[in-house]
Amino acid sequence: MKQNIYDDPAFFAGYRSLRENEAGLNAAIEDPAVVSLLPDLRSLRVLDLGSGFGDFCRFARGRGAAQVVGVDISGKMIAEAANRTSDPGITYVHMAMEDYPVEVSAYDLVVSRLTLHYVRNYRGVLDAIYRGLRIGGRFILSVEHPICTARCQGWNRDAEGNPLFFPVDDYQMEGERRQNWIVDGVTKYHRTVSTYVDTLLEAGFSLLRLLEPRATEAALKRRPELRTATRCPPLLVIAAGKSGGEIVAEGSRASLNHEAGSRT
Ligand SMILES: C[S@@+](CC[C@H](N)C(=O)[O-])C[C@H]1O[C@@H](n2cnc3c(N)ncnc32)[C@H](O)[C@@H]1O
């Protein structure tokens, strides 16, 4: 049974407020890391698994992507994404990514941002993504760092709320975790860094980059509390390629783009 916590009204309201107030890690830490791994998006066909409010779908179109498909298990997230979007080049699909029938070689770039730690069948999703990418295509994923999902209970704090240490336990015991995050009983799946990487390799991908990003200096000025991300890495961000897909500086012509005319 797949969890759909984003359709829980209390969770949805809390999450929307977090994102609207930029109180999370997205804009400060995750976004710059993911953007640093992107190829030139012009003319690319993009799939976003766990597309949420559709931020990346609109960003990709703004950077010239030919078409973008966003898939999300939550009807509330899909409805909000549709409300925020007026672009015929973006299609939103209300469906669990595990069930989405990815067409063979239909995409140049697949992203899944801060979603795969909600998914039990990581390998099954990777196999579908691999089939769905053309040769030379790229997959970029971000997840909560396995150090954080191992015990899933956050920082130990002193009486004033200052972070003392981040307890890690049961790191090698992969599987389901229950967490209080916005509401009680949020289910996540813990897997180790080596499982994240090795499963990609087993599915046929090559590893292009692995990042454990911290807050940018600009973000730290606005939000000094994000210094905790230099003590304990909150996120893991990986770029993987299907036979190629070398990372090149954003803005220059990427290998993905060179091959855009000869899609398989
Ligand atoms: C933390 S939000 C991230 C949204 C977006 N990727 C972003 O970075 O702004 C996680 C999203 O994953 C979706 N999600 C969770 N499990 C999913 C699944 N099995 N299939 C598709 N979407 C899922 C949730 O509904 C939610 O919209």
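Which residues does Leu 116 touch, not counting residues up to four places away in sequence? The legends below, prepared from a predicted model, begin with this residue.

**View 1. Contacts of Leu 116.** Leu 116 touches Met 97, Tyr 122, Val 125, Phe 139, Leu 141, Val 143 and Arg 191, with residues up to four places away in sequence left out of the list. Of these partners, Met 97 is also listed among the closest residues to the ligand.

**View 2. The largest nonpolar core.** This core comprises 30 residues, of which Leu 47, Tyr 107, Leu 116, Phe 139, Leu 200 and Phe 205 touch the most other members. At least two core residues come from each of β1 (45–49), β2 (67–72), β4 (107–113), α5 (122–132), β5 (133–144), α7 (193–202) and β11 (235–241). The greatest contribution is that of α5, which supplies five residues. A separate core of 23 residues lies apart from this one and includes Val 35, Cys 57, Tyr 92 and Ala 239. In soluble globular proteins, nonpolar side chains tend to be buried together.

**View 3. The shell around the ligand.** The ligand is surrounded by 19 residues, the closest being Arg 19, Gly 50, Asp 72, Met 97 and Glu 98. By class, the shell consists of 10 nonpolar, five polar and four charged residues.

View 4. A polar backbone atom of Gly 50 lies 2.6 Å from a nitrogen atom of the ligand. For Ile 73, a backbone N or O atom is 3.2 Å from a ligand nitrogen atom. Thr 115 instead places a polar side-chain atom 3.1 Å from an oxygen atom of the ligand. The ligand taken alone exposes 600 Å², and the protein buries 96% of that area.

Notes. Residues numbered from 1 in each chain as written. Predicted model: local features only at pLDDT ≥ 70, side-chain atom pairs only at ≥ 80, totals over all residues. Heavy atoms only, no water. Near = heavy atom within 4 Å. Polar contact = N/O pair within 3.5 Å; in protein donor to acceptor, adjacent residues only side chain to side chain. Areas by Shrake-Rupley, 256 points an atom, 1.4 Å probe, with all protein chains shown as cover. Nonpolar A, V, L, I, M, F, W, Y, C, P; charged D, E, K, R; others polar. Core = buried A, V, L, I, M, F, W, Y, C linked by side-chain atoms within 4.5 Å. Buried < 20%, exposed > 50% of the residue type's maximum accessible area, 1.4 Å probe, protein only. Helix = DSSP H or I, 4+ residues; strand = E, 2+ residues; numbered from the N terminus. Contact = heavy atoms within 4.5 Å.
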